[in-house]
Amino acid sequence: MVYIVLAVAILSEVLGTISLRFVEGLSKPFPLVLVVLGYGSAFVALSRVLKMGIPVGAAYAIWAGVGVALVALIGTVFLNETMTLVQLLGIMLIIGGVVALEAGGAH
């Protein structure tokens with residue numbers, strides 16, 4: 001159950017971050033609402049994850065790392081942003097670090 005709530009936190013944060021691309025200096029109300037709801041939901045869900053017992057370092061690493069990777073991939077696939085081999089390697093290192101934190105922790 002805790003990983004489902006963590007996934008909600010990650011996806012909410014990704015929604016908020018991607019929506020930032022479309023607010024155009026805070027002049028577009030719909031994307032702005034998505035930013036506020038996305039980040040608000042992300043922090044509520046992340047606080048629940050911490051209450052459920054995942055250590056803050058591991059929870060934050062997973063939340064931030066997976067979020068960064070998803071935003072970068074969504075930007076590349078759907079927003080016509082470029083991704084170099086070095087950036088792809090960086091994403092792989094982030095994911096590897098998150099896996100290492102999870103594997104090394106006692107649950």
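A residue is called buried when its relative accessible area is under 20%, exposed when it is over 50%, and partly exposed in between, using a 1.4 Å probe and protein chains only. Keep those cut-offs in mind. This is a predicted model, where local features need pLDDT of at least 70, side-chain atom pairs count only at pLDDT 80 or more, and totals for chains, interfaces and linings use all residues. Residues are numbered from 1 along each chain as its sequence is written, and side-chain values use heavy atoms, with hydrogens and water left out.

Start with the overall picture. The protein has four helices and zero strands. Helices are DSSP runs of H or I with at least four residues, strands are runs of E with at least two, and both are numbered from the N terminus. Along the sequence the pattern reads α-α-α-α. The C-alpha trace spans about 45 × 35 × 20 Å along its principal axes. Of the 107 residues, 32% count as buried.

Now look at how the chain meets itself. A contact means heavy atoms within 4.5 Å. Take the contacts between residues at least 6 apart in sequence: 64% of them join residues at least 24 apart. The protein exposes about 6,700 Å², and carbon and sulfur atoms supply 76% of that area. Such areas come from the Shrake-Rupley method with a 1.4 Å probe; for residues, only the protein chains shown count as cover.

Next, follow α3, which runs over 56–78. How far apart are its end C-alpha atoms? They are 32 Å apart, which agrees with the 33 Å that its 23 residues should span at 1.5 Å a residue. The expected span is 1.5 Å times one less than the number of residues. Several residues of α3 are buried, among them Ala58, Ile62, Gly67 and Val71. What covers the buried residues of this helix includes α1, α2 and α4.

The aromatic rings come next. A pair of aromatic rings is described by the distance of the centres and the angle of the planes. Rings of Phe, Tyr and Trp (its six-membered ring) pair if their centres lie within 6.5 Å; planes under 30 degrees apart count as stacked, over 60 as edge-to-face, and the rest as tilted. The structure holds two such pairs. In one, the rings of Phe43 and Trp63 have centres 5.6 Å apart and planes at 50°, so the pair is tilted. This pair links distant parts of the chain: Phe43 sits in helix α2 and Trp63 in helix α3, 20 residues apart. The other pair joins Tyr60 and Trp63, with centres 5.6 Å apart and planes at 45°, so it is tilted. Tyr60 and Trp63 are three residues apart in helix α3, so about one helical turn separates them.

Phe43 is partly exposed at 49%. Tyr60 also counts as partly exposed, at 49%.

Finish in the loops. Most residues other than glycine have a negative phi. Glu24 has a positive phi near 45°. Its place is the loop between α1 (2–20) and α2 (29–51). Glu24 counts as exposed because its relative accessibility is 54%. Asn80 has a positive phi too, about 55°, although it is not a glycine. Asn80 lies in the loop between α3 and α4 (85–104). Asn80 is exposed, with a relative accessible area of 70%.
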